[in-house]
Amino acid sequence: MGINFFCISGKLTKEPYFQRRDRRNGDGQYNQACYTIVNTQKNRDGTVQEYLFDIDVFGQNAKYAKEYLHQGSSVTVRGVIKSNTYTSRHGEKLNNPNLQVYEQDSPDIPESARTGEPDIPENSHELPERAGSVSEDMYEYDEQDYF
C-alpha cells in the first residue's frame, strides 16, 4: 500500500497557531502548528479561483512555522491528506480535509533551518483533531484582508 504525497504552494491567510501537546500515551510532548494557505490559479478564460488548504505541521517544522512564517508568507508544503471531522453550530457533521506536512519550504525560513528530518508524531493514531475552531463562514474573505 502506497502513500500519496501532495505538494501545494500558496500564501498564509493569517498567523500560524502554535501549541505544545501531550502525547496520548503519556510519553512526552510534541509541537504542533496549524495554518491555512490560499492557492490562487488563473483559468483560461481569465477568471481567478482561490483554494484554501488547512495545514498541520509537527515537531521542528512547527517551531519554524511559529518563528518565521507570518500572514502573507509564501510557502510550499509536501505531505499527506488527513480527514478532520467536526460538528457545525447547526449540528451537521462535516468533513474538512487537511494536509499533514512532512516538509515545508519558504523564502522566509533561513537556509540553516530548512535542512533536517521531517518530524511528526510516531503513530498517526496519536494525531489530535485540528486545533482552533472552524466556523461556517471561514471561507468567505476578501484577498485584501490577507495580503
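In this predicted model, the side chains of R78 and D105 meet in a salt bridge, with a nitrogen-to-oxygen distance of 2.4 Å. Because R78 belongs to strand β5 and D105 to strand β6, this contact ties together parts of the chain that are 27 residues apart in sequence. R78 also forms a salt bridge with E103, here at 3.3 Å from N to O, and this pair again links distant parts of the chain, since R78 sits in strand β5 (residues 74-87) and E103 in strand β6 (residues 93-105), 25 residues apart. The structure holds two salt bridges, and through shared partners R78, E103 and D105 are joined into one network. As for solvent accessibility, R78 is partly exposed at 24% relative accessible area, E103 is partly exposed at 38%, and D105 is likewise partly exposed at 28%.

In one of them, the ring centres of Y30 and F58 are 6.0 Å apart and the planes stand at 55 degrees, so the pair is classed as tilted. Y30 lies in strand β3 (residues 29-42) and F58 in strand β4 (residues 48-58), so this pair ties together parts that are 28 residues apart in sequence. Y30 is buried, at 5% relative accessible area, and F58 is buried as well, at 2%.

Another pair is formed by Y64 and Y68, whose ring centres lie 6.2 Å apart with planes at 40 degrees, so this pair is also tilted. Both residues belong to helix α1 (residues 59-68), where they are four residues apart, about one turn of the helix. Y64 is buried because its relative accessible area of 17% falls under the 20% cut-off, whereas Y68, at 23%, is partly exposed.

Note on methods
Residues are numbered from 1 along each chain as its sequence is written. This is a predicted model: local features need pLDDT of at least 70, side-chain atom pairs count only at pLDDT 80 or more; totals for chains, interfaces and linings use all residues. Side-chain values use heavy atoms; hydrogens and water are left out. Rings of Phe, Tyr and Trp (its six-membered ring) pair if their centres lie within 6.5 Å; planes under 30 degrees apart count as stacked, over 60 as edge-to-face and the rest as tilted. Helices (H or I, at least four residues) and strands (E, at least two) are DSSP runs, numbered from the N terminus. Buried means under 20% relative accessible area, exposed over 50%, partly exposed in between (1.4 Å probe, protein chains only). A salt bridge is a side-chain nitrogen of Lys or Arg within 4 Å of a carboxyl oxygen of Asp or Glu.
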